[in-house]
Amino acid sequence: QVQLVESGGGLVQPEGSLRLSCAASGLTTDVRGIGWFRQAPGKERVGVSCISSSDTTTTYAEPVKGRFTISRDNDKNTVYLEMNSLKPEDTATYYCATVRNVQHCLAGDYWGQGTQVTVSS
């Protein structure tokens, strides 16, 4: 059974930083990657960044390029999202999910419960 558990959200001031973690278990070999997605109030859930399970391929949405960095620690079965220079428009619930297409950061079947990120002074 696939399980994804996010942590690391919180309240941060503009231009601040946060690191989100996604601890994964039960992953099967057909999982292409892990991604981070976010949903702001009243808006659709969108892809933020994805990372391949088998190579170094990563993708980023345009609004976060140069500010966010995705990485993985295979020994810990954990994927991280380092978020720097945060803006109020980054405020959202962040979810990690399995990914069926890393190049287009398309979510698969399994999701975590989400962690709230609020950027405000």
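Where is H104 found? Look in the loop between strand 9 (92-101) and strand 10 (106-111); strands here are DSSP runs of E with at least two residues, numbered from the N terminus. H104 counts as exposed because its relative accessibility is 59%, where exposed means over 50% relative accessible area, buried under 20% and partly exposed in between, with a 1.4 Å probe and protein chains only. Its C-alpha atom is separated by 15 Å from that of S53, 51 residues apart along the chain.

Before going further, a word on how to read this. The model is predicted, so local features need pLDDT of at least 70 and side-chain atom pairs count only at pLDDT 80 or more, while totals for chains, interfaces and linings use all residues. Residues are numbered from 1 along each chain as its sequence is written, and side-chain values use heavy atoms, leaving out hydrogens and water.

Now turn to the open sheet of 4 strands, whose order is 1-3-8-7 with antiparallel pairing. Strand 1 (3-7) and strand 7 (68-73) stand at the edges with a single partner strand each, so one side of each has no neighbour in the sheet. From one strand to the next, the twist averages 15°, with axes taken as lines fitted to C-alpha atoms and angles running from 0 to 180 degrees between N-to-C directions.

Strand 1 runs antiparallel to strand 3 (residues 18-25), and 5 bridges join them; two strands pair if DSSP finds at least two bridges between them. Within this pair, V5 stands opposite A23 and E6 stands opposite C22.

What does the side chain of E6 reach at 2.8 Å? The backbone nitrogen of C96. The backbone nitrogen of Q113 also lies 2.9 Å from a polar atom of the E6 side chain. Beyond its neighbours within four places in sequence, E6 is in contact (heavy atoms within 4.5 Å) with residues including W36, Y94, Y95 and T115.

How values were computed
A polar contact is a pair of N or O atoms within 3.5 Å; within protein, one must be able to donate a hydrogen and the other to accept it, and residues adjacent in sequence count only if both atoms are side-chain atoms.
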